[in-house]
Amino acid sequence: MKIPNEVKIGIAVVLAGTVFYLGTRYFRDLPILSRAHTYYTEFVNANGLVAGNVVSINGVNVGSVSDVQLVRAGARVAFSVSEDVVITQGSTAKVGGLSFISSIQLDIVLGPADAPQHAPGDFIPAAEQVDFLGEIAERAPDILSRADTLLKNTRQALNTAETLVSDPTSDLLQTMSSVKASADALHTILLAEQRSIVAVLSDIQALAGAIMTLAQDSLAVTVDGVNVILERMEQNLASLETTTTALSDLLTKINSGQGTLGRLVTEDSLYTELHQTVSALRRILEDFEEDPRQYLRHLKLVEIF
Amino acid sequence: MNGVVLNLVRPFFSLGRFSLLLAKACGSLGDIGIYRKNMVVQMVRIGLESIPIVALAAAFSGAVTTVQTAYQLVSPIIPPKVIGAVVVPSLTMELAAVVTGFILSGRVGARIAAELGTMRVTEQIDALEAMGLNSVGYLIVPRVAAGILMFPVLYVAACLIGVAGSLLAAMLTGVVSIGEFILGAREHYDNFGPYFGLIKAFVFGFLITSISCYMGYYTEGGAEGVGRSTTRAAVMSCVFILVADFALAIVLL
Amino acid sequence: MIRVEHLTKAFNGHPVLQDVSLEIHEGETLAIIGRSGSGKSVLMKHIIGLMKPDSGRVFVDGTDISSISYSELRLVRRQFGVLFQGGALFDSMSAFDNVAFPLHTFTRKSEDDIRRETQKCLDLVHLPHVGAVNPSELSGGMRKRVALARAIALRPRYIIYDEPTSGLDPETSSTINELIKGLARQLEITSIVVTHDMHSVLAIADRVAFIHNARMHWVGSINDLHSSEDEVLHAFVKANEYFIGAAASGAS
């Protein structure tokens with residue numbers, strides 16, 4: 001039997017329509033036959049999320065972002081998820097992945113398993129979001145300039161101390177009080193800055209750790225490099241801290257009358273100790289001063305690709 | 001001097017005559033009876049009979065794009081799934097529609113121009129008119145309508161077979177696993193892409209058939225004129241596909 | 001009745017018809033004669049509205065077809081059957097389908113009625129058995145006869161023949177002439193024959209219109225043709241008769 005042309009065309013059109021419909025659903029990560037539910041969320045910063053990005057729960061692709069719109073408070077994101085995926089109340093949404101290698105995705109962190117289920121069309125609140133590399137890039141210059149200021153102050157204090165100590169003709173009493181003042185100043189600065197530097201550094205380490213788990217291969221190598229630099233920086237700052245503490249202790253001892261001026265002048269060991277401390281500090285300072293931006297530059301490496 | 005003026009005026013003359021022809025075609029849209037049967041025949045000729053050649057071209061476009069993308073992305077930093085992310089949108093947004101358009105400029109455009117051109121020089125079009133039939137409605141409307149309706153079908157076929165070709169090439173050359181290819185395509189899937197391709201298919205279908213109908217319908221000068229119209233139909237269809245491709249990209253993207 | 005009034009037409013500034021007037025009476029067979037390129041075919045195309053005059057008017061049954069809308073014009077055209085020079089058969093269809101085409105397109109007759117009427121038209125042109133053949137497989141004379149069958153399928157009131165005998169051998173030509181004469185009588189059709197074949201004119205025409213130098217040079221009955229003392233007309237007729245004589249002696 002000859003198939004009429006009308007039937008052939010009809011079949012072709014229906015087939016094309018079906019292929020188009022299923023094909024677009026397939027590439028949008030939507031279930032091919034079951035339906036999808038749409039949910040909404042809002043971010044302060046969408047971090048480059050666009051329609052078509054993957055929606056993932058526990059690292060499993062379950063749907064796709066269908067729309068990202070600018071709203072006054074940030075960005076409103078609509079996303080669709082296969083109807084057989086249960087999103088419980090208390091779930092949060094966050095932007096995951098790395099936008100600069102454009103594998104950004106929408107992560108859903110599920111709420112407690114026994115919580116009631118979200119209805120389709122519900123609003124899923126956004127989790128507090130962290131843009132890992134953006135954070136590092138933003139903070140790095142800040143950390144360095146703080147470290148820089150700190151080191152400059154320290155250096156100034158030490159320079160004064162050194163000059164005074166090594167000049168036997170100067171008024172020793174005056175010298176000592178001046179050293180004490182400098183050491184006090186140094187101590188205050190250190191106390192103040194110490195906490196924040198340590199906090200920032202641990203922050204950076206955490207972030208670097210996060211990057212490591214996210215990216216692989218070559219990215220990991222670079223991150224390793226960043227890590228090494230960060231560790232070195234931390235060591236330097238730590239040894240700076242110990243050294244200045246030692247100096248401070250020494251000066252405190254002098255001050256509290258445990259030693260006399262004569263002892264300071266005659267006793268070699270004390271003088272040597274003080275001198276060594278100062279030299280050590282100086283070396284660290286020189287290391288920093290030589291190229292204070294090297295740390296930043298290493299950090300920047302991460303950003304460029 | 002007169003020749004120069006004539007050459008300057010010619011494009012406007014052609015555009016005007018083309019527009020009038022389209023207006024006349026639109027005017028006879030209501031008269032379904034005279035073109036319905038013809039339209040079915042044209043849909044088979046323009047659409048269904050073109051599927052094999054379109055499939056062949058799409059399969060190779062997909063395969064070549066895959067292999068070349070893999071070749072150009074030699075870097076340990078770039079994961080192989082990017083190949084899928086590049087190839088699938090290239091196919092759906094550009095290649096499937098444009099390659100189909102080019103092939104059909106030759107296959108369909110030349111055929112339409114030759115058919116109508118021959119009908120013109122052998123007075124068959126005059127014969128239709130003399131009978132009291134609207135020759136534009138009878139000859140042009142079914143062809144253009146068939147083009148507009150069947151091109152999207154061919155586009156979908158080209159996409160499907162193009163992606164299949166890419167996957168086959170990926171599998172045979174081993175540049176990327178099928179899973180990674182699809183993962184990349186899905187991660188970077190743009191919702192608008194296939195619709196953009198579909199819009200292109202509509203526009204190209206209209207351009208190829210209407211330009212070829214115009215060339216054929218206004219053929220002058222015997223067998224030689226038919227030859228001239230045929231060539232011009234194929235060339236002009238290709239040129240206007242490129243122009244429209246660019247214009248659509250600017251307007252819609 | 002068809003009336004042409006002061007028709008003027010020029011192509012690219014070159015006049016093809018100038019101030020041509022002509023009346024075609026009901027039931028007669030009028031031959032429009034003239035040299036090749038004298039504008040006979042252009043005049044014919046004006047009569048069925050395939051061309052629009054630069055100035056002047058064409059009336060078909062009192063309607064000025066140069067000023068009516070396209071859809072009205074198409075209705076007027078259905079009163080006409082036209083036999084084009086090469087037949088102008090649609091080569092995408094069989095001979096039978098060509099003849100049936102106007103019936104399919106313009107009537108709501110049943111498939112059976114259409115088949116019967118198509119066969120009747122083919123019988124009228126003495127080609128009852130060519131139905132299934134494709135036009136490209138037919139000889140020139142047969143093609144014209146099938147085209148004639150198509151032209152009369154809707155029983156038009158007017159039939160226009162454009163060079164019906166050109167390119168045919170004398171024997172086929174006379175067959176065609178017989179057909180034209182027979183149809184005019186049988187179907188009571190008004191016939192307009194555009195030709196330069198005087199043999200054909202003498203065989204079929206009631207009246208003759210002679211176009212010369214883009215003007216209507218002479219109009220009169222076939223009997224007046226020989227008695228006319230117009231030199232240009234005489235030269236044209238003589239040249240043709242000589243040609244006819246030569247062709248006839250060549251054939252015998």
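The largest pocket has a volume of about 2100 Å³. A pocket here is an open set of points on a 1 Å grid over the protein atoms alone, where a 1.4 Å probe fits and protein lies on both sides within 12 Å along at least five of seven lines. Its volume is the space filled by probe spheres set on the points, which are joined across faces, edges and corners. Lining residues have an atom within 4 Å of a point. There are 44 of them, and R17(B), R120(B), Y217(B), Y218(B) and E220(B) are the closest to the pocket centre. Two chains supply the elements that give two or more residues to the lining: α1 (2–27), α4 (81–121), α5 (124–130), α8 (192–217) and α9 of chain B, and β1 (2–11) and α2 (70–77) of chain C. Helix α1(B) gives the largest share, 10 residues. Helices (H or I, at least four residues) and strands (E, at least two) are DSSP runs, numbered from the N terminus.

The model is predicted; local features need pLDDT of at least 70, side-chain atom pairs count only at pLDDT 80 or more, and totals for chains, interfaces and linings use all residues. Residues are numbered from 1 along each chain as its sequence is written, chains are lettered from A and ligands numbered from 1 in the order in which they are written, and side-chain values use heavy atoms, with hydrogens and water left out.

Over all chains, 21 salt bridges are found. The criterion is a side-chain nitrogen of Lys or Arg within 4 Å of a carboxyl oxygen of Asp or Glu. One of them pairs E6(A) with R36(B) at 3.7 Å, N to O. E6(A) lies in helix α1 (residues 5–27) of chain A and R36(B) in helix α2 (residues 32–47) of chain B, so this pair joins two chains. E6(A) is partly exposed at 39% relative accessible area, and R36(B) is partly exposed at 43%. The classes are buried (under 20% relative accessible area), exposed (over 50%) and partly exposed (in between), with a 1.4 Å probe and protein chains only.

Within chain B, R45(B), R111(B), E115(B) and R143(B) form a salt-bridge network. E115(B) meets R45(B) at 3.2 Å, N to O. E115(B) belongs to helix α4 and R45(B) to helix α2, so the bridge ties together parts 70 residues apart in sequence. E115(B) also meets R111(B), at 3.7 Å. These two residues are 4 apart in helix α4, about one helical turn. Relative accessible area is 21% for E115(B), 25% for R45(B) and 34% for R111(B).

Chain B also carries a nonpolar surface patch of about 600 Å², made by I199(B), F246(B), I250(B), V251(B), L252(B) and L253(B). Patch residues have over 30% relative accessible area and no salt bridge; nonpolar side chains (Val, Leu, Ile, Met, Phe, Trp, Tyr) are joined within 5 Å, like charges within 9 Å. Helix α9 (residues 222–252) gives the largest share, 4 residues. V251(B) lies in this helix and is exposed at 65%.

Chain C contains 9 helices and 10 strands. Of its 252 residues, 52% are buried. V60(C), in strand β4 (residues 55–60), is buried at 2% relative accessible area. Beyond its neighbours within four places in sequence, V60(C) is in contact (heavy atoms within 4.5 Å) with M1(C), I2(C), I47(C), I65(C), V76(C), F80(C) and Y158(C).

Note on methods: Areas by Shrake-Rupley, 256 points an atom, 1.4 Å probe, with all protein chains shown as cover.
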